[in-house]
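Here is the note on the structure you asked about. The points are numbered and can be read one at a time.

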Amino acid sequence: MSTETKRELTYLEAVREAMVQEMRLDKEVFLIGEDVGIYGGAFGVSKGMIEEFGPERVRDTPISEAAIAGAATGAALMGMRPIMEIMFMDFLTISMNQLVNAAAKMRFMFGGKCSIPMVIRAPSGSGTGAAAQHSQSLEAWFVNVPGIKVVAPSSPYDAKGLLTAAIRDNNPVLFMEHKLLYRLKGPVPEESYCIPLQSAEVKREGRDLTIVAYSIMVPRAMEAAEKLAAEGIEVEVVDPRCLKPLDAETIIRSVSKTSRVLITHEAPLTGGFGGELAAVIAGSEAFDYLDAPIRRLAGLNVPIPYNRTLERAAVPQVEDIVAAARALALEGK
Amino acid sequence: MASDNVTIEDSEDLMTKLKNKVDKVIVSGSQQLLNTLPREKLAWMLQRMCEIRYFEEKAEDLYVRGLVHGTMHLSIGQEAGSVGSIATLKPEDLIIHHHRGHGHTIAKGANLTTMFAEFLGKEAGYCRGRGGSMHIADISGGNLGATGVVGGGIPTAVGIALALQMRRSEQILLSYFGDGASNEGEFHESLNMASIWKLPVVFICDNNQYGMSMNVKKAMNIENISTRASSYGIPGKTVDGNDVLAVYEAVMAAGEYARSGKGPSLIDCLSYRWRGHSKSDRNLYRTPQEIDEWKHKCPIRRFKQVLLDAAVMTGDEVEAIDQAAKVAIDRAAEEALTFPEPSPENMEDEVYAL
């Protein structure tokens with residue numbers, strides 16, 4: 001992290017600041033979604049924005065996710081830069097036709113003669129007791145659709161820099177905001193800045209194994225690394241930050257150095273993005289350096305349950321990462 | 001009929017009355033238009049209708065000859081809908097349409113050769129051979145493209161119209177879809193949203209009476225699709241979609257309504273497709289008699305007769321327009337056939353904008 005700033009913001013405030021600064025800079029940027037106006041968004045991300053920008057640019061909508069996605073897609077087709085907020089990532093299921101069949105494909109399908117510069121902000125993940133329809137992490141679906149980019153920041157600093165880059169990007173960008181990260185505090189410079197998409201970051205250096213983690217799994221992996229350090233196991237944590245396009249190079253370099261890799265995410269294991277990461281690593285020069293099989297630690301193949309104990313058990317927690325990383329560090333030794 | 005002050009006992013009767021009240025009558029074109037529209041405009045309308053008909057007949061011919069990869073959806077018999085509505089537009093106005101969209105594209109002023117090139121999958125086509133018949137767009141010409149998912153263009157239309165409104169543009173948008181699309185959830189969400197924001201868009205239902213094989217009468221329990229407008233608090237009208245002047249009149253009024261900031265409306269353009277849904281269709285769901293009946297209502301022949309009866313044109317003039325369209329189509333197809341194929345190299349580089 002390059003910042004020298006002492007100012008701290010929450011992840012939620014960092015997201016808001018990126019939007020506010022971009023909206024001040026470019027009048028074509030606007031926010032559209034359910035209850036984003038006077039209510040300030042279901043999670044309070046857009047609180048205060050309607051006061052500065054008015055109801056036209058901080059636009060409340062009826063509960064119509066398909067039309068919200070269409071409104072963003074059409075406005076983007078016209079050259080505006082809409083930011084659509086979906087209240088829960090789960091509700092993107094209702095927006096899919098516009099996002100997958102329209103926004104993602106228009107550029108290519110129309111021979112490269114248009115572009116769709118829009119951001120889809122989607123609160124994702126479990127841990128809030130919201131059960132099966134308000135807790136999903138659907139990144140793998142979108143990663144598999146040519147034409148959409150997928151970003152999943154893990155810190156306030158990354159959230160602001162990546163969202164600024166996403167708003168300025170000339171393509172549809174899915175921006176995943178983990179609900180449990182909203183209150184996370186960290187240093188965020190006041191001035192506007194961009195973190196280029198397709199730039200992974202080594203969040204912690206270590207020699208014994210690499211953990212590839214994104215979104216909520218990054219703070220969990222960092223905590224696990226701290227615990228393992230006490231045992232003498234030095235973990236390197238790499239955060240891809242942007243899943244698509246993927247900065248494979250940084251991941252491959254790390255795995256080539258440590259010779260062991262654990263991939264972790266909250267979404268269910270089967271068909272999850274971890275499979276893609278594993279394949280990228282296995283197909284690279286890092287394969288020659290591997291001292292143990294590539295391991296994945298992901299969500300169970302279950303809908304997210306309501307009960308606190310069950311919900312916790314459905315996705316990797318710090319202790320699960322510690323156990324998996326420890327076993328991998330010792331595997332074959 | 002007054003429906004106020006009714007008692008609970010009358011409720012069933014009241015509902016019937018209300019239903020009849022909102023089912024609008026089908027509107028026909030007025031003779032007056034023939035006197036007010038410039039002759040050049042009327043000639044332009046006939047020319048476009050003929051071009052669409054000949055384009056699609058040629059497209060079918062190319063397909064039968066094995067020169068076309070993929071499928072196509074022909075709008076033969078529906079030419080009055082696309083031409084009558086687009087004739088009301090100013091050059092800078094916009095359209096977004098659907099898989100049966102050759103007519104809208106030609107009416108909006110597409111280059112016929114570039115269109116055939118796209119149909120044939122050539123690099124010189126509107127979408128460089130990436131879209132094909134189902135996805136022809138001419139962005140710089142104000143044709144924002146055809147979507148192949150039924151109803152899929154309607155939410156996008158909300159966004160286009162929203163951008164026009166936010167930019168205080170004078171332009172309006174025509175958003176086309178079929179009768180089948182009006183049963184999609186996207187239709188409902190979009191018309192409602194466009195209504196509450198009073199967006200400058202006219203929703204036009206190209207009602208050819210079949211969603212693939214399903215007749216509208218089986219697919220919905222209302223007489224006219226335009227009655228759905230009342231759910232969104234917008235004007236709705238069903239017009240004779242084989243009468244190009246009736247379409248013109250209705251869409252002109254709806255366009256002025258949108259232009260003046262009053263918001264969207266819904267025009268149900270009742271017509272019929274002579275051909276099957278697509279190339280796989282064997283017309284098992286309708287009778288040859290039904291198809292013949294509608295062929296007798298041919299919108300082009302009808303418009304020609306109207307022009308002759310009103311002495312706007314002579315028979316020779318009408319035929320000259322028809323023949324010129326045929327020649328233009330033949331020439332365009334011939335030229336497009338000679339164009340090179342696109343190269344599969346670097347395809348992945350085109351997916352994202354820089």
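At what angle do the axes of helix 8 and helix 12 of chain A cross, and within what distance do they come?

1. Helix 8 and helix 12 of chain A. This is a predicted model. In chain A, the axes of helix 8 and helix 12 (residues 318–330) cross at roughly 55 degrees and come within 8 Å. Angles over 145 degrees count as roughly antiparallel, those under 35 as roughly parallel, and those from 65 to 115 as roughly perpendicular. Helix 8 and helix 12 of chain A are therefore oblique to each other. The crossing in which helix 8 of chain A passes helix 12 of chain A is right-handed.

2. Residues at that crossing. Helix 8 of chain A brings Arg220(A), Ala221(A), Glu223(A), Ala224(A), Lys227(A) and Leu228(A) to the contact. From helix 12 of chain A they meet Val318(A), Ile321(A), Val322(A), Ala325(A) and Arg326(A). Sorted by class, the residues of this contact are 7 nonpolar, no polar and 4 charged.

3. Chain A has an open sheet of 5 strands in the order 9-11-10-13-14, and its pairing is mixed. Strand 9 (201–204) and strand 14 (295–299) of chain A are at the edges; each has a single partner strand, so one side of each has no neighbour in the sheet. On average, and with direction ignored, neighbouring strands of this sheet are turned by 25 degrees against each other. Strand 13 (residues 261–268) and strand 14 of chain A run parallel and are joined by 4 bridges. Pro268(A) has Gly299(A), in strand 14 of chain A, as its bridge partner. Helix 8 (residues 217–230) of chain A packs on this sheet and touches strand 9, strand 10 (209–213), strand 11 (235–239) and strand 13 of chain A. The direction of helix 8 makes about 170 degrees with that of strand 11 of chain A.

4. The sheet of 7 strands. A further open sheet in chain A has 7 strands in the order 3-2-4-5-7-6-12, with mixed pairing. Strand 3 (58–60) and strand 12 (242–244) of chain A are its edge strands, and each pairs on one side only. Neighbouring strands here are turned by 20 degrees against each other on average, direction ignored. Strand 6 and strand 7 of chain A run parallel, with 3 bridges joining them. Val151(A) stands opposite Phe175(A), which is in strand 7 of chain A. Helix 7 of chain A packs on this sheet, touching strand 2 (29–33), strand 4 (81–85), strand 5 (118–124), strand 6 and strand 7 of chain A. The direction of helix 7 makes about 160 degrees with that of strand 7 of chain A.

5. Helix 1 and helix 2 of chain A. The axes of helix 1 (residues 11–25) and helix 2 (residues 49–57) of chain A come within 11 Å and cross at roughly 60 degrees. These two helices of chain A are therefore oblique to each other. Helix 1 of chain A passes helix 2 of chain A in a left-handed crossing. Met19(A), Val20(A) and Met23(A) of helix 1 meet Met49(A), Glu52(A), Phe53(A) and Arg57(A) of helix 2 in chain A. The contact has 5 nonpolar, no polar and 2 charged residues.

6. Two backbone details. Most residues other than glycine have a negative phi, and most peptide bonds are trans. The peptide bond from Lys244(A) to Pro245(A) is cis, with omega near 0 degrees. Pro245(A) is in the loop between strand 12 and helix 9 (248–258) of chain A. Asp35(A) has a positive phi, near 60 degrees, and lies in the loop between strand 2 and helix 2 of chain A.

Note on methods. Residues numbered from 1 in each chain as written. Chains lettered and ligands numbered in written order. Predicted model: local features only at pLDDT ≥ 70, side-chain atom pairs only at ≥ 80, totals over all residues. Pairing = 2+ DSSP bridges. Axes fitted to C-alpha atoms, helices over the stretch in contact; angles between N-to-C directions. Contact = placed C-beta atoms within 7 Å. Left-handed = near helix turned anticlockwise from the far one by under 90°. Nonpolar A, V, L, I, M, F, W, Y, C, P; charged D, E, K, R; others polar.
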